[in-house]
Amino acid sequence: MLKVIERIFAPYLKRSLDNPLITVLIGPRQSGKTTSVNSFLDGIKPDRRFYLNLDSSFERDRVKNRENYLQEQIEEALGFRMDSLKERFYLFIDEAQKLPSIFESIKILYDMHSRYLKIVISGSSSLELLDKTAETLAGRVQILRIYPFSMSEASLYEGVGGFECASALYKGIFSGSLNQKYLSNLINEFRPKSRRKMQLIDRLLTRSLFPPTFSRIDDDAVPRWLIDYIDTYIERDMRTVKDIGDIEGYRKIVAQLSSRTGSLLEYSRLGNDAAVNQITAKKYTAIWQESLIGFLLPPFFLNISTRIKKSKKVYFFDNALIWALSGFKDRQILEASGELGHYFENLIITDFIKWGINLMTPPSFYFWQKSLAAEIDLVVSAKGMAIPVEIKYSSAWDKKYLHAIDMFKESHRGKRLKIPFSLIVYRGDFMAPREDVFCIPVWALC
């Protein structure tokens with residue numbers, strides 16, 4: 001039997017489902033969109049819900065051949081006409097982008113019955129889904145982003161821990177309210193689970209966080225699953241995107257992006273290495289980012305126009321995709337080459353984003369670089385404040401970790417930027433080398 005856990009976005013999904021706007025769930029294939037909504041719909045009476053999966057060609061044909069198909073099915077479930085609705089009815093359409101004509105029907109239903117009709121749209125091709133919602137449903141939607149498991153979701157699924165520690169920690173970070181006493185108490189409370197959490201994190205450096213790899217796939221079979229996932233993503237999902245003319249060129253760009261994880265992106269070099277021109281490299285990178293398997297982290301500047309012009313850094317939402325695209329390098333090779341540090345950085349940065357992205361007022365995320373010797377891996381910007389976060393694949397404290405933090409603070413002195421505290425996330429123990437600097441053991445995020 002499939003094990004279903006509560007996801008960290010569950011409160012925001014519940015809030016969204018109570019909202020009259022159309023909920024649009026976007027995220028990469030196999031990230032848990034349908035499972036999450038179905039677990040909610042299971043608690044709703046059959047006469048108060050209708051589920052339509054347009055992944056089925058049979059269902060697509062039925063919709064195409066009957067102009068009022070959606071309304072007919074809703075009224076059949078209700079047992080009366082929609083005009084008489086007095087209670088909330090839930091319409092969930094999965095893989096909606098596979099039948100573009102349905103968006104006009106959704107718009108008509110929403111405009112006529114939004115008081116009692118809650119519509120949820122989901123799909124694995126975020127590019128097409130967002131295009132159609134922007135074109136047809138502008139001003140009528142609320143978007144929720146769903147990604148592979150966070151570290152704490154993996155911990156919950158594996159029976160190692162739960163959300164309590166990570167939730168409290170992220171809440172304090174995003175609100176800027178952390179202090180040494182609070183952190184010390186939190187760490188001490190959850191320390192008994194630290195050893196098992198560290199073992200899990202060590203596995204997660206190259207292990208997939210996609211839910212099916214926990215629920216349906218044995219560890220030994222995960223590499224094969226990842227290869228099939230990448231092939232499906234490129235050969236099936238991306239082939240339908242009209243801007244991709246050369247699917248093999250796109251495949252090379254994605255592979256080259258994986259080799260640049262945690263590094264600055266230079267389009268000219270990217271194009272050369274993938275044997276495409278610079279314009280194509282930029283176009284394919286934009287498509288890769290919009291497909292939500294990866295993202296570009298922008299640099300932090302108080303001047304927004306400067307921020308837009310500067311180079312960005314490459315990251316993926318699942319470490320195992322990087323590992324697979326690199327050819328499943330042996331762990332010892334990753335360790336010896338220093339690449340494991342990039343995997344660790346990728347794991348932590350994406351975890352911050354997975355926790356922050358669906359907040360009512362989501363924080364923004366950046367990196368900062370003054371020079372090669374003064375660089376902050378992650379800057380969390382929220383509510384007029386900035387929190388520098390250094391990420392170190394080390395279990396030992398070193399005072400040189402303070403250098404980049406001091407440079408960041410010095411560079412923004414007198415510029416009305418509030419920096420309530422700075423963080424160092426590493427594999428060591430909790431400590432506060434200064435009143436405004438907290439060294440956080442990585443297991444506390446798990």
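Student: Which residues line the second largest cavity?

Tutor: Arg7, Ile8, Phe9, Arg145, Tyr147, Pro148, Ser150, Glu153, Lys354 and Asn358 line it. The test for lining residues is an atom within 4 Å of a point, on a 1 Å grid over the protein atoms alone. This is a predicted model: local features need pLDDT of at least 70, side-chain atom pairs count only at pLDDT 80 or more, and totals for chains, interfaces and linings use all residues. Residues are numbered from 1 along each chain as its sequence is written, and side-chain values use heavy atoms, leaving out hydrogens and water.

Student: What makes a space a cavity, and how many cavities of 30 Å³ or more are there?

Tutor: In a cavity a 1.4 Å probe fits but cannot get out. The structure holds three of 30 Å³ or more.

Student: Which classes make up the lining of the second largest cavity?

Tutor: Four nonpolar, two polar and four charged residues. Ala, Val, Leu, Ile, Met, Phe, Trp, Tyr, Cys and Pro count as nonpolar, Asp, Glu, Lys and Arg as charged, and the others, Gly among them, as polar.

Student: What makes a space a pocket instead, and what volume has the largest one?

Tutor: A pocket is an open set of points with protein on both sides within 12 Å along at least five of seven lines. The largest pocket has about 670 Å³. Its lining counts 35 residues, with Gly32, Lys33, Thr34, Thr35 and Ser36 nearest the centre. Helix H1 (10-17), helix H2 (33-41) and helix H11 (212-215) each give two or more residues to that lining. H2 gives the most, six. By class, the lining has twelve nonpolar, twelve polar and eleven charged residues.

Student: Why is H8 called roughly perpendicular to H19?

Tutor: The axes of helix H8 (residues 164-175) and helix H19 (residues 339-356) cross at roughly 85 degrees and come within 11 Å. Angles of 65 to 115 degrees count as roughly perpendicular (under 35 is roughly parallel, over 145 roughly antiparallel, the rest oblique). So H8 is roughly perpendicular to H19.

Student: Which residues make the contact of H8 and H19?

Tutor: H8 brings Ala166, Ser167, Tyr170, Ile173 and Phe174, and H19 brings Asp351, Phe352, Trp355 and Gly356. Contact means heavy atoms within 4.5 Å. By class, six are nonpolar, two polar and one charged.

Student: Why do S2 and S5 stand at the edges of their sheet?

Tutor: Five strands form an open sheet in the order S2-S3-S4-S1-S5, with parallel pairing. Strand S2 (49-53) and strand S5 (141-145) each have a single partner strand, so one side of each lacks a neighbour in the sheet. The twist averages 15 degrees from one strand to the next.

Student: What makes S1 and S5 a pair?

Tutor: Two strands pair if DSSP finds at least two bridges between them. Strand S1 (residues 22-26) and S5 have five, in the parallel sense. In S5, isoleucine 143 is the bridge partner of valine 24.

Student: In what sense do S12 and S13 pair?

Tutor: S12 and strand S13 (residues 437-441) pair in the antiparallel sense, over two bridges. Methionine 431 has cysteine 439 of S13 as its bridge partner. A hairpin of two residues joins S12 to S13. Both belong to an open sheet of six strands with mixed pairing, in the order S8-S9-S10-S11-S13-S12.

Methods: Axes fitted to C-alpha atoms, helices over the stretch in contact; angles between N-to-C directions. Helix = DSSP H or I, 4+ residues; strand = E, 2+ residues; numbered from the N terminus. Points joined across faces, edges and corners; volume = space filled by probe spheres on them.
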